[in-house]
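Please read this note with the structure open beside you. Each point can be checked by eye.

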Amino acid sequence: MIRLARVGARKQPHYRIVVIEKDRARNGRSVEVVGTYNPRTNPATVNLKRDRIDYWTGNGAQLSDRVGKLLAQAPAVEVPVTA
């Protein structure tokens, strides 16, 4: 599953977007960190490794509701086409 893991001080949340087994604890040992999310900046900062997220979803990983919304809101990176 791809979901958020909370890090940061009390009342100052900062999140890592992690690939983790579904039955593990929220901040348990993850397989891979594929991004970060900071809701305290204006606007919120989202850094994603799209290629790794595509890899894991291709191998059957499911997105949590919040990560799915973050992916939908984040602008897609445009790759220049060379001919």
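The points below go through a predicted model, strand by strand and then loop by loop.

1. Begin with strand β3, residues 32-38. Five of its seven residues are buried, so the strand is mostly covered.

2. Strand β2, residues 14-19, runs antiparallel to β3, and five bridges join the two.

3. Asparagine 38 stands opposite threonine 45 of β4.

4. The loop between β3 and β4 contains proline 43. The peptide bond between asparagine 42 and proline 43 is cis, with omega at about -5 degrees.

5. Which residues have the most contacts inside the largest nonpolar core? They are Ile2, Leu4, Ile17, Val34, Trp56 and Val67, in a core of 13 residues. The elements giving two or more residues to this core are β1 (2-7), β2, β3, α1 (50-58) and α2 (65-73).

6. Tryptophan 56 deserves a separate look. Apart from neighbours within four places in sequence, tryptophan 56 is in contact with Ile2, Val19, Val31, Glu32, Val34 and Ala61.

7. Lysine 11 lies in the loop between β1 and β2. Its phi is positive, about 65 degrees, although lysine 11 is not a glycine. Is lysine 11 buried or exposed? Its relative accessibility is 66%, and exposed means over 50%, so lysine 11 counts as exposed.

Note on methods:
Residues are numbered from 1 along each chain as its sequence is written. This is a predicted model: local features need pLDDT of at least 70, side-chain atom pairs count only at pLDDT 80 or more; totals for chains, interfaces and linings use all residues. Side-chain values use heavy atoms; hydrogens and water are left out. Buried means under 20% relative accessible area, exposed over 50%, partly exposed in between (1.4 Å probe, protein chains only). Helices (H or I, at least four residues) and strands (E, at least two) are DSSP runs, numbered from the N terminus. Two strands pair if DSSP finds at least two bridges between them. A nonpolar core is a set of buried Ala, Val, Leu, Ile, Met, Phe, Trp, Tyr and Cys residues joined through side-chain atoms within 4.5 Å. Contact means heavy atoms within 4.5 Å.
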